Amino acid sequence: MRALTALVAAGAALVLAAGTAAAGPHHGPGKGPGPNPGKGKGPSVTRFHVPPPNPGALTQIKDLARAGQFRDADLIRRMISTPQAVWLTGQEGHDVRADARRTVTDAKRQKAMPVLSLYNVPGRDCAQYSAGGASDTAEYIEWIDQVAKGIGPHPSIVILEPDSLALMPNDCGQDDEEETLTAARFTEIRYAVDVLASKPKVNVYLDAGHSDWHRVDSIVTRLIEADIASARGYYLNPSNYQTDESLARYGNLISGCLAYAAEGGDPADCPNQWWEPQEALEWLAEHVTTDRAEWTPYVTDTSRNGRGPWSAPEDAAYPDPQTWCNPPDRGLGQRPTANTGDPLIDAHLWIKIPGESDGECLRGTDGPEDPERGTVAPRAGQWFPQQALELARLAQPALR
């Protein structure tokens, strides 16, 4: 019992204390004017904020310790004491201004940079597992204003609306012939950029999906329409599993294409991620005159990509494999850091909170069980002990 008490107490204390993962004072968010003058003028990032954990994680630590599984309990403790984002979702009963203020002041006490993932755009997730969001543009604008007031003068990284640009209303058949909702989506994102990026210590990043989704020219066109020029940059791989290598290649092509478009080129001409790599690099060298140091930077979500993406077994033949949804045998990826070794990558972050479910994951079946796991998965955002332990055990690099 003494070991159990000590382990659970250590888990809570580590998370709530100011002990955050180091990130050398490299080139990350807050390094100075960068490619988007007026953005990211906050202090250099040396550490990222560790928020309070999902209560389900502390329950799991206690249950594992009671069962004598102290090694697994310690792995979960280490996972939740790693810096990760705070999601602001417009959840009923929450005052987003107070939530934002609480996060940035807690980060200040830790002498750390907070990461805020804003997730309340109307029609989010195309009515899938994480459906919800503000009821209309007017409500969303008011919500963004409250977020901005909550942040106040404090430095922060804002991950603006995961899937907002990669999963538009017209992508999932939820718009009318005039694409009214899609036009509104761009209006909403541009407004958020205008309000939040005007704060000198706030680094705003826009959604660019991941490397196994949209072609480069498709996502570049959307980023431009969403006013990427006024943001710090964009982010890749939110809540997904693509490898660091594929993300770096994709990001290089996106940033190169954005530079090409800014020079007057047509994004449709740009090489995409399925070109032969050397051919794509040669194209950029020949057609883009802007120095690479001035290209638009980005951040990546490495919270669950340590083992790369999952492919459904060939003999499973699911109607919809949903490879993004609670895939088995995945692992945590690189720890959050601004010392990325690539001038284009401002930081590797844990945007998705590892251990929280992606949803029920029926994979095209009638359910209610996830046919791959043989169990009913928790609702999106709820703690999923089975997956949490997989991620911690299979972390690459290993948790230490």
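1. pLDDT is the predictor's confidence in each residue, on a scale from 0 to 100. For this predicted model, the mean pLDDT of the protein is 90, and 88% of its residues reach 70 or more. Local features need pLDDT of at least 70, and side-chain atom pairs count only at pLDDT 80 or more, while totals for chains, interfaces and linings use all residues. Numbering runs from 1 along each chain as its sequence is written, and side-chain values use heavy atoms, with hydrogens and water left out.

2. Two stretches should be read with their confidence in mind. Over residues 1-27 pLDDT stays under 50, and the model has 71 contacts (heavy atoms within 4.5 Å) beyond four places in sequence for them. Over residues 30-38 pLDDT also stays under 50, with 29 contacts beyond four places in sequence.

3. Helix 8 (residues 244-262) packs with helix 9 (residues 277-287) at an angle of about 25 degrees, and their axes are 10 Å apart. Helices here are DSSP runs of H or I, at least four residues, and strands are runs of E, at least two, numbered from the N terminus. Axes are lines fitted to C-alpha atoms, for helices over the stretch in contact, and angles run from 0 to 180 degrees between N-to-C directions. The two helices, helix 8 and helix 9, are therefore roughly parallel to each other (angles under 35 degrees). The contact includes Arg-249, Leu-253 and Tyr-260 of helix 8, and Pro-277, Trp-283 and His-287 of helix 9.

4. Gln-322 lies in the loop between strand 6 (298-301) and strand 7 (345-349). Gln-322 is buried, with a relative accessible area of 9%; buried means under 20%, exposed over 50%, and partly exposed in between (1.4 Å probe, protein chains only). The side chain of Gln-322 reaches the backbone nitrogen of Arg-363 at 2.8 Å.

5. Ala-317 is also in the loop between strand 6 and strand 7. Ala-317 is not a glycine, yet has a positive phi of about 50 degrees. With a relative accessible area of 65%, Ala-317 is exposed.

6. Asp-227, likewise not a glycine, has a positive phi of about 75 degrees. Asp-227 is found in the loop between helix 7 (216-225) and strand 5 (233-236), and counts as partly exposed at 22% relative accessibility.

7. The peptide bond from Gly-367 to Pro-368 is cis, with omega near 5 degrees. Pro-368 sits in the loop between strand 7 and helix 10 (385-393). The bond from Gln-396 to Pro-397 is cis, with omega near 5 degrees, and Pro-397 is found in the segment after helix 10.

Technical notes: A polar contact is a pair of N or O atoms within 3.5 Å; within protein, one must be able to donate a hydrogen and the other to accept it, and residues adjacent in sequence count only if both atoms are side-chain atoms. Angles under 35 degrees count as roughly parallel, over 145 as roughly antiparallel, 65 to 115 as roughly perpendicular and the rest as oblique.
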